[in-house]
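Visitor: I would like to learn how to read a structure of this kind. Please take me through it one feature at a time.

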Amino acid sequence: MRMYDIIQKKRDGGVLSEAEIKWFLEGYVKGEIPDYQAAALCMAIYFRGMNLEETAALTFAVRDSGERLDFSEIHGLRVDKHSTGGVGDKTSLVVAPIVASLGVKVAKMSGRGLGHTGGTIDKLEAIPGFKTSLPIDEFKEIVNRVGIAIVGQNAELAPADKLLYALRDVTATVDSLPLIVSSIMGKKLAADDDCIVLDVKTGSGAFMKTEEKSRELAQWMVEIGKRAGKRMRALITDMDTPLGYAIGNSLEVIESIQTLKGQGPQDLTEICIALAANILNLAEKGTYAECEQMAKDAIANGTALQCFADMVTAQGGKGDWILHPEQFPTAKYSYTVRAKESGYITGVDAEGYGVASLLLGAGRNTKEDVIDPAAGIYLMAKTGDYVEVGTPIATLYSERENTFAQSEARLLQATRIAKTAPEKKPLILGVVE
Ligand code: URA
């Protein structure tokens with residue numbers, strides 16, 4: 001086989017065979033196929049798409065590109081939750097401790113930021129000392145002892161995704177349905193969980209901008225997960241507005257802690273409870289209503305927060321900071337963004353907010369960029385709020401003062417203000433079983 005022929009076939013709208021997909025991925029992981037040819041194929045897939053069979057083949061090839069984990073030494077039902085990526089999306093930091101505190105095991109492999117979206121691993125690294133890489137035996141021991149551990153994808157797990165993820169991030173090929181499905185499900189299936197709940201984001205801050213595309217993404221992921229023998233469910237949730245008020249790594253950890261204390265923003269709390277209830281229900285812990293109540297109780301009685309603190313301590317981080325988050329350092333510089341006109345915020349371009357945060361140092365522009373944990377945005381007004389000229393709408397945080405002008409311009413450009421109040425939209429738009 002020749003990589004040239006595979007690229008050409010997809011460029012011209014052809015259907016790739018399972019053998020061609022496997023050959024490409026194996027060659028890419030071995031370093032026999034260069035980045036530029038892999039990037040060309042990703043772009044061809046971006047424009048031409050893949051059918052369900054091709055996508056399933058690509059997913060299983062990603063899964064099989066490295067080590068398949070064996071979690072049989074972990075006692076009890078193992079669950080996972082994965083988001084397709086959003087702005088201010090810190091749900092894993094809230095949901096995982098809630099469900100772990102209620103007796104299901106969370107052995108979680110998470111990712112870094114991708115494009116304009118944040119990643120759980122970058123957020124956890126804002127906690128001093130927290131190790132996002134652990135030897136597998138230690139990882140399993142922590143899951144058995146504490147109920148939960150979250151690490152980054154190691155080099156052996158789905159290495160094809162690790163390579164493709166970084167390549168797509170810098171070649172404008174992230175928002176492709178088959179590439180997202182194979183990336184997420186390839187690594188989820190390489191881990192050894194029983195139940196997987198997906199949070200498929202839709203809207204201006206998501207990779208899939210329309211509800212129709214997001215539903216298709218959810219259906220394909222659920223279908224492919226079931227083919228691999230997993231219990232699957234997907235929620236389609238709104239990402240037209242950032243989730244909560246905090247965007248940026250340590251700001252989001254602090255907001256997650258507030259949510260686990262029962263003092264979080266209403267939108268974030270609602271989505272986290274729904275995700276936790278769905279995970280518990282899929283794990284047969286009770287009816288949906290019972291599971292929802294259990295999740296609320298785990299917040300109210302403090303067990304979920306304690307579980308988060310215990311995980312942080314077990315993974316080498318400052319668990320005490322989780323109970324007393326005022327210890328997180330703030331960025332050297334801050335700047336208040338004010339409304340330039342009066343009216344209701346009728347909507348925002350959440351991707352623009354993600355980029356504004358990235359410009360402050362909270363994300364990467366190139367594979368090599370180092371993240372500034374304290375950088376980011378704290379919103380003071382969101383969709384539906386009324387603002388006057390000069391009302392603060394956000395505080396920007398950065399270690400570099402010269403980032404503020406560009407970030408402010410991006411944020412204002414992404415904020416729509418009009419005289420009439422917008423209609424309130426539901427946060428959870430559907431469930432795919
Ligand atoms: N999250 C992933 O892990 N992969 C994608 O492609 C998009 C979001």
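Visitor: Which residues surround the ligand?

Guide: A residue is near a molecule if one of its heavy atoms lies within 4 Å of it. Here the ligand is surrounded by His82, Thr84, Leu114, Tyr165, Arg168, Ile180, Ser183, Ile184 and Lys187. This is a predicted model, in which local features need pLDDT of at least 70, side-chain atom pairs count only at pLDDT 80 or more, and totals for chains, interfaces and linings use all residues. Residues are numbered from 1 along each chain as its sequence is written, and side-chain values use heavy atoms, with hydrogens and water left out.

Visitor: Where does the largest share of the shell around the ligand come from?

Guide: Helices are DSSP runs of H or I with at least four residues, numbered from the N terminus. H9 gives the largest share of the shell, four residues. H8 and H9 each supply at least two residues.

Visitor: Is alanine 172 buried or exposed?

Guide: Buried means under 20% relative accessible area, exposed over 50%, and partly exposed in between, with a 1.4 Å probe and protein chains only. Alanine 172 counts as exposed because its relative accessibility is 56%. The residue lies in the loop between helix H8 (159–169) and helix H9 (177–190).

Visitor: Which residues does alanine 172 touch?

Guide: Contact means heavy atoms within 4.5 Å. Not counting residues up to four places away in sequence, alanine 172 touches Met43 and Tyr46.

Visitor: Why does threonine 132 count as buried?

Guide: Threonine 132 counts as buried because its relative accessibility is 10%. Threonine 132 is in the loop between helix H6 (120–124) and helix H7 (136–146). Its side chain and that of glutamate 125 are joined by a polar contact of 2.7 Å.

Terms used
A polar contact is a pair of N or O atoms within 3.5 Å; within protein, one must be able to donate a hydrogen and the other to accept it, and residues adjacent in sequence count only if both atoms are side-chain atoms.
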